[in-house]
Amino acid sequence: MTAQHNLLDPGEEGGGASPPVIGVTEDGTVRIPGDLPILPMRGNVVFPGTVVPLTVRRPSSIRLLDESLTHNKIIGLLTQREGQNENPEPRDLYPVGVAARVVKLLRQPEGTVLIFVQALQRFRLGRVLLTQPFIRAEIEVVVSHAPPEEDKEVQAGEKNLRESASRLIDLTPDMPDEAKNLLQRIGTLEQLVDFLAGNLSLAVQQKQDLLEELDVVKRMRAVQLVVSSQLEIAELQQRLREDVQSQFSERQRQAYLREQIRAIQRELGEDEEGSDHQVEELRQRLDDAKPPPEVREHAERELKRLGYMAPGSAEFSVIISYLETLVELPWVRTSEDKLDLDEARRVLDRDHYDLEKIKRRLIEYLAVRKLNPHGRGPILCFIGPPGVGKTSLGQSIADALGRKFSRVSLGGIRDEAEIRGHRRTYIGSMPGRIIQELRRAGTRNPVIMLDEVDKLGADFRGDPASALLEVLDPRQNHSFVDRYLDVPFDLSQVIFIATANYVEGIPAPLLDRMETIRLPGYTEREKLEISRRYIVARQLEENGLKPEHCVWEDPALSKIINDYTREAGVRELERQIGSVCRAVAARVARGETSHVTVTPSFVQEVLGPPFYIRETRLKTNNPGVVTGLAYTPFGGEVLYIEAAKFPGKGQVHLTGQIGNVMKESVEAALSLLRTRARELSIRDEAFRDSDLHVHVPAGAVPKDGPSAGIAMFTALASLFTNTPVRSDVAMTGEITLRGLVLPIGGLKEKSLAALRAGIETVIIPKLNEKDLYDMPDEVMRSIHFVPVEDVDRVLTAALEPSEHTESVEAKERFEAELA
C-alpha cells in the first residue's frame, strides 16, 4: 500500500466553493457539464473521492488549463495506454476516466504547472469535439451499481475489507499516521473501495480495470484479493525481519543498517563518502578542542547519530552546525596574561587623558589579578554619559593584560534567549551572545564588555537582566549552561566589564553584582587637552593628512567645543574636528594649498554659524526666575525655572513637560511657602487672589527628577516677595515641608554644566559636601559652592542683597500692621 496521494476525506466535498458555472443540484452534488477538456495522464489513475497533485509539463496541457479554467473549473482526466506517447490522440486514451475539479494551481519556476484536483465522478468518453490545441470531447457520466444496504453478505465483506486494510496500514512502514484515521471515517462502501484502489500498489492496467468496473460488489471483491495478497506479503516480511533481528548481534545489526543506509544513499546519488569524511573531520577537531569528559561524551552521541542520517536531511545539517559550534569553542585555549603594572599604566595614559581616580582603581584591579590569578574579582561597571571613554577603557584593560577584547551591545535586547541561547528544537536556533563572542575570540579568558546594561528590556520573551545574573555571578558562572549547547561552559576566567549611561536604569539585582565606577563629563580644559593629544592626530590620519598639512590653534578647538558641541563626552567634538579636517583634505587634494592653519574664523567658514547658543547665566534678574541644575543620561544641564502670577482664584498651572516628581516639588514648594508667608511678609490674599504659572523651558523636552525642590521654592519666594534672584547663582536640592534641604545625585555633572554656563555660585545640600572631594580642580577654582541645610539659608544666598533687605523691612512693617 502506498501513500502517494494527498487525500481529503471522501465523505467531504473539500477544495473550496464551486464556481458559479459548474452549478450545484438540490441534493448538494456537483453538476458535470456535457463536454469537458481532456487532460491525458501518464502512469496514473485517479479514483472519485480523492484529491491528488498533478504536474503538468506538456504545452498543450498547460494551454488547456489556461483557456479552460477561466470559464469552468472541471476537467476530464483520462489515462494514456502508453506512457511514452508525448502527443496522445483520443484513441491512445482509456475510454473511462473521472471528472475532476481543479482546486489549486501553482506555476513552477521551470515552466511547469502543479495542480491539485478533486476527482468527482466517473465518465465515459463520447464524441470528440476538438483535438487541437487540446482534446475536448462529449462525455457520459456513469454511475456505479451499489448493493442494497441490508445485504448481510456485502456488510460482512465490507467489514473484512476494512480490517484487512487497517492491518496492512499497520504493517506498512512509510504509511502516514492519519491514513488509518481517514480509513475509519470513510462512509460508504463505494468510497472505501475507490480510496483503497487509488492507494494500492498496482499496475496501471489493474487500476484502470477497477475504475471501469461499475459493479461495486465486484470491485470490492477485486480489491479484497489485492489487499489480502499484499497483507500476506507484509506479514511474511514482518516475520522475516523479526527472525533476522533476533539472530543479529547489536554490532552486526548496526553494520547491516549502515550498509542499508549507504545503499539507499547510492540510489539517491548522495555522496556518502563526503559525509563520512565530514564526520571524521569533526571527530578530529573534537580531539584537538579537548573539551571536558561530559562534553566529549555528549558530542560522541551526536556524531553517532550522524552515521544513521542521510546528508540531505534537515536534521543532518542541524547536528553539523551544533558540532561545529562545540569544536570551535575555546575549551582549553587561553591568553597568557601580561601583568606588568607599569606597562598597564602606560597603556592607560596612552589612551586616556586624566581620569586619575579611575586609572588608579584599574591598576588596583590588575594588581589583585597578579597576586591571585584564580581569584573571583569584582565585575566593573563604568557609568557615565555617552562619549566619555567607557568602551575604550575596556579595550585598554584588554591591551594591558594581553587578552582578546569582545563587545556585546545589550541596548534594546528584550529576549532572554539572546543571553542564554535558543533551544535546538527551534528552526534557526543559535547560541547566546556570550557563547558567540567566546567563539569569535578563540580564548576562554577574553575581556567581554557588556555595553548599555541600563537599556535592557523585558517582555513576554523573558528578562535578559535576570539571565545576566548567572553570567556575572563568579560563584555560578563556572558552569554556565547555554540552552543551545546544553552542556556547561566555564566563564570564570572571563573578565566582564559593563557600561551604562544612567545608574537608575540598571536593575537592582544586576547592580548588586557590580562595582560601579563613574565617569563624569569633561570640562572645557579637559576637552581641549583630549583634542590636542588624541582627536586631532586621529582625524588627520583618518583623512589622509600629515601634520605639516594642518596645524590647529587652541582658540579654534575652543570654538568648536563651545559653539558646535553640546555634550558631556567628546564624540560630537571628534565629528566636528573631522569635518574641518575633511575640508582641509579637499583643498590639499585639489592642490590649492599645502598647509592650512585652522583658526576660529576658518572653523566658522567650514562649519557655518554656531550650532548651539550656550545656556549661560541669566542676563536679567527678574523676580520669579531661577537657575536650576539637572542631571541627564547625557551629562549635566542648566535648567531655568520661571514663575509668574496674575489675578485669579488661586489655581496653579504647570507647563514645560514637567514630570510627576517635579510637579510634586512645585506642590511641596508652594505649601512650604504658604507656611512661611508671615516670615516673608507675604499676605494670604496673594495666594487666594492670584493664579500661579510655573514654566520650565524648553517646552518640547520632557523633564523630571527629585532635585528641583529648592529651585522651585526660591522661584516662588522671589515672585511673591518681588525680590530678584542673583543671576550668577544656580542651585540643586530637594526640600521637605519642614524646610530642610535633602541631598541629591549627579553633583559633579551638574557642576560641570554650571561651569560651562558661567555660573559663579552653586547652592548645594549640606549633605553633598562629601562629593566635593572628587570635584575637578578647575571646577573648584571657578565655582563657589554654598552648602545649605534649610531654605532660609537658600534665600539668604540666592536673593539679591538689596532687595532682600527691603523684604526684611517690609516684613517688619507687616508685623507692625498686624500688631
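1. Contact in this note means heavy atoms within 4.5 Å. Helices (H or I, at least four residues) and strands (E, at least two) are DSSP runs, numbered from the N terminus. Axes are lines fitted to C-alpha atoms, for helices over the stretch in contact, and angles run from 0 to 180 degrees between N-to-C directions.

2. The model is predicted, with local features requiring pLDDT of at least 70 and side-chain atom pairs counting only at pLDDT 80 or more, while totals for chains, interfaces and linings use all residues. Residues are numbered from 1 along each chain as its sequence is written, and side-chain values use heavy atoms, with hydrogens and water left out.

3. The chain contains 28 helices and 24 strands. Of its 819 residues, 49% are buried; buried means under 20% relative accessible area, exposed over 50%, and partly exposed in between (1.4 Å probe, protein chains only). Among contacts between residues at least 6 apart in sequence, 74% join residues at least 24 apart.

4. An open sheet is formed by 5 strands in the order β8-β9-β12-β7-β13, with parallel pairing. Two strands pair if DSSP finds at least two bridges between them. The edge positions belong to β8 (405-409) and β13 (514-518), each of which has a single partner strand, so one side of each is left without a neighbour in the sheet. From one strand to the next, the twist averages 25°.

5. Within this sheet, β7 (residues 379-383) and β12 (residues 495-500) run parallel and are joined by 4 bridges. Isoleucine 383 stands opposite alanine 500 in β12. Helix α13 (residues 390-401) lies across β7, β8, β9 (447-451) and β12, and runs at about 175° to β9. Helix α15 (residues 433-441) also packs on the sheet, where it touches β8, β9 and β12; its direction makes about 155° with that of β8.

6. Glycine 411 lies in the loop between β8 and α14 (417-420). With a relative accessible area of 37%, glycine 411 is partly exposed. Apart from neighbours within four places in sequence, glycine 411 contacts Asp451, Glu452 and Lys455. The C-alpha atoms of glycine 411 and glutamate 452 are separated by 5.3 Å, although the two residues are 41 apart along the chain.

7. Helix α19 (residues 554-563) has Ala556, Leu557, Ser558, Lys559, Ile560 and Ile561 buried. The elements covering these buried residues include α18 (524-542), β14 (550-552), α20 (571-590), β15 (596-598) and α21 (600-607).

8. The packing angle of α19 and α20 is about 130°, and their axes are 10 Å apart. The two helices are therefore oblique to each other; angles under 35 degrees count as roughly parallel, over 145 as roughly antiparallel, 65 to 115 as roughly perpendicular and the rest as oblique. Leu557, Ile560 and Ile561 of α19 make the contact with Leu573, Gln576, Ile577 and Val580 of α20. These residues divide into 6 nonpolar, 1 polar and no charged. Here Ala, Val, Leu, Ile, Met, Phe, Trp, Tyr, Cys and Pro count as nonpolar, Asp, Glu, Lys and Arg as charged, and the others, Gly among them, as polar.

9. The axes of α18 and α19 come within 10 Å and cross at roughly 115°.

10. Arginine 676 occupies the loop between α22 (660-675) and α23 (684-688). Its relative accessible area is 14%, and arginine 676 is buried. Leaving aside neighbours within four places in sequence, arginine 676 is in contact with Arg738, Gly739, Val791 and Asp792.

11. The peptide bond from glutamine 132 to proline 133 is cis, with omega near 0°, and proline 133 is in the loop between β5 (113-130) and β6 (136-141). Lysine 290, although not a glycine, has a positive phi of about 55°; lysine 290 lies in the loop between α8 (272-289) and α9 (293-307) and counts as exposed at 58% relative accessibility. Glutamine 657, likewise a residue other than glycine, has a positive phi near 55°. Glutamine 657 is placed in the loop between β18 (652-655) and α22 and is partly exposed, with a relative accessible area of 41%.
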